[in-house]
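Here is a short tour to read alongside the model. Keep the viewer open and follow each section in turn.

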Amino acid sequence: MKRRNDRQAFLAESTVDPGRRRLLKAAGLGIGSLGLAGTGLMTSTPARAVKTNARIVIVGAGAAGLAAANRLSSRLDGARITLIDRRERHLYQPGLTLVATGLWKPGQTIDENKRYVPRNVEWIHASVSEFEPDANQVVTDTGQRVDYDYLVVTTGLHVDFDAIEGMSPELIGREGIGCVYDNPEHANRTWEMIDRYTTEGGVGLFTRGPGGIKCAGAPLKVAMLTEDLAQRHGNRDRLEMIYNSPSAGLFSQPDMDQFLKEEFPRRDIDINWHHRLVGIEPEQHRATFDTPEGEVRLDYDFIHVVPPMRAPDALGNSPLAWQEGGFADDGNWMEVDRHSMQHPRYPNVFGAGDCVGTPIGKTAASVKAQVPVVVDNLVSVMAGRQLTASYDGYTSCPLITSRGQAILVEFDYNLDMVPSFPFISPYREHWVPWIMKDKFLKAAYNAMLRGRV
Amino acid sequence: MAFSIFGIFAVLLEFIRPLLPLILAVVIIDLVLLLLALRNNGLAGTLAALKRVLPVGLVVFMLGLLFGPWLTGAGHGNLAGILDWLSLFGAAVGLGVLALLVVWPPVALLRSKNA
């Protein structure tokens, strides 16, 4: 693969005529102008597009896929960009916590992918069932083989309900079972359960899947907003709330971890450490946890189930996945260089979003930081240049602690706080981050999908 | 995570996008009314009408201060520190100015008709 890229680099600067080579050359010339175009204040993309006829395939029309499609579409002139995803519906997943706690209607999180797919991008309405990076091909579930020169993998992830014995998505909204993840229908049915629980009271178990999960703040937010709701209903003393962490921490960022370790007891939310949900008996309202002392069974009136998550099978079982190590064991995540977002073994392949195996991330904020890096570096690869764009691990969580207050937590791979707005403390609850989460972040998200931020 | 000016405008555009037709209609109607008022009253007369609508702006500003947090599903008890209070004050000022600008052209035109 290294040889292939060296060759492309040569072609990009040569005068070889036919086919793709000519356009790779054009791409190289276009790249030259890229530096001159710069990124001024009033534009987020270079003024002149890079000429190329490279075939670029983007797998997945979630946040990362659409943002990449829009950015590549404006950065490249003549590229044949193909987006592959069966889903017509686009879900604003950061809003699901708000749906599950009764603050938003489900419709507020539902949009259409077609509103964001650029006109010059071909959209194949199918799912990719096989990745064949050695042949530079993907195969769809309809049997179509799609060739590419460059591949951007943005499949999202799979919420593994089957990893919990007795659990299935159909149980959400029944027998006191809730789960904020995956879609607004789940979130809305979760709200029905939370509404009942905060009215009638009882034992509430709040769980968190082990390893990498998307929006890792969501289980914490659901617990705190449920507690806040019970306070507002005047029923707090009727609720016994227990948060079950699969590890010895609550949050990866140490300052926030410490804050939550003080906040939960202050709000009378008990914490069970090293409790990983492994089974559920819906009829008996009983959950089984794997702990260092063996299996523990707890009865509940309400349970927030957060299953483990992993890469979709087509990706996780492909050569693109990590072949060994923590990211392979955790969820068969896609292998990328954590800074360049390039696949180390297939340099014409990049990844972004929930599917990649990086130490932190799996948020829309991570996508906002990753996609420009992917696009910049992909264009550099096309031109045979060194990769200069680097993802620093930026991720963000507007940690809602109660209705009307949140902490805007932003941090990087070093787990250092990196606030976008220096005047907003990342250590303190404020009203302003709540407004941002409730009113403005969806607008920022939509602008990201269009490749404008 | 820095935002460029372009990016901030892009986010604002997405924020108002659902209301864009309504906003454009109000802006066009107000501009037409303002032009008619300028033709009838001249600049001085039209500007004088601004004084008449100042109370409207003040009332909306006060309402913004009182009900701003409530409009966001929060309460004044959720405001913590100078950042939140300054933001509320700024938002209320913005609402007041907006109300003033919306009401000014029709009032200026009515003034010319009554004169």
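How many residues of domain 1 of chain A are in contact with domain 2 of chain A? Eight residues of domain 1 are in contact with six residues of domain 2, where a contact means that two C-beta atoms, placed from the backbone, lie within 7 Å.

## Before you start

This is a predicted model, in which local features need a pLDDT of at least 70 and side-chain atom pairs count only at pLDDT 80 or more, while totals for chains, interfaces and linings use all residues. Residues are numbered from 1 along each chain as its sequence is written, with chains lettered from A and ligands numbered from 1 in the order in which they are written.

The score pLDDT is the predictor's confidence in each residue, from 0 to 100. Chain A averages 90 on this scale, and 89% of its residues score at least 70. Please treat residues 1-45 of chain A with care: their pLDDT stays under 50, although the model has 83 contacts beyond four places in sequence for them.

## Chain A and its domains

Chain A has 453 residues, of which 54% are buried; buried means 20 or more other C-beta atoms within 10 Å of a residue's own, exposed means 12 or fewer, and partly exposed lies in between, with C-beta atoms placed from the backbone. Its secondary structure comes to 11 helices and 24 strands, taken as DSSP runs numbered from the N terminus (helices: H or I, at least four residues; strands: E, at least two). Among contacts between residues at least 6 apart in sequence, 65% join residues at least 24 apart.

An automatic or database domain assignment supplies the domain bounds. Domain 1 is made of 2-86, 125-157 and 311-383, and domain 2 covers 161-308. The side of domain 1 that touches domain 2 has three nonpolar, two polar and three charged residues. In this classification Ala, Val, Leu, Ile, Met, Phe, Trp, Tyr, Cys and Pro are nonpolar, Asp, Glu, Lys and Arg are charged, and the others, Gly among them, are polar.

## Parallel strands and crossovers

Strands S14 (residues 202-207) and S15 (residues 239-244) of chain A pair in the parallel sense over six bridges; pairing requires that DSSP finds at least two bridges between the strands. Here A:Gly202 has A:Leu239 as its bridge partner in S15(A). The chain passes from S14(A) to S15(A) through helix H6 (residues 218-233), a right-handed β-α-β crossover. Right-handed means that, with the strands pointing away from the viewer, the path from the first strand over the helix to the second runs clockwise.

S15(A) also pairs in the parallel sense with S16(A) (residues 269-272), over four bridges, and A:Tyr243 stands opposite A:Ile271 in S16(A). Helix H7 (residues 254-266) carries the chain from S15(A) to S16(A) in a right-handed β-α-β crossover.

## Two positive phi values

Most residues other than glycine have a negative phi. A:Cys215, in the loop between S14 and H6 of chain A, has a positive phi near 45°. A:Cys215 is buried because 21 other C-beta atoms lie within 10 Å.

A:Glu175 has a positive phi of about 55° and is found in the loop between S12 (158-159) and S13 (177-178) of chain A. With 17 other C-beta atoms within 10 Å, A:Glu175 is partly exposed.

## Where chain B meets chain A

In chain B, 23 residues are in contact with 32 residues of chain A. Helices H1 (5-16) and H3 (82-114) of chain B each supply at least two residues of the side that touches chain A, and the largest share, seven residues, comes from H1(B). By class, this side of chain B has 13 nonpolar, eight polar and two charged residues.
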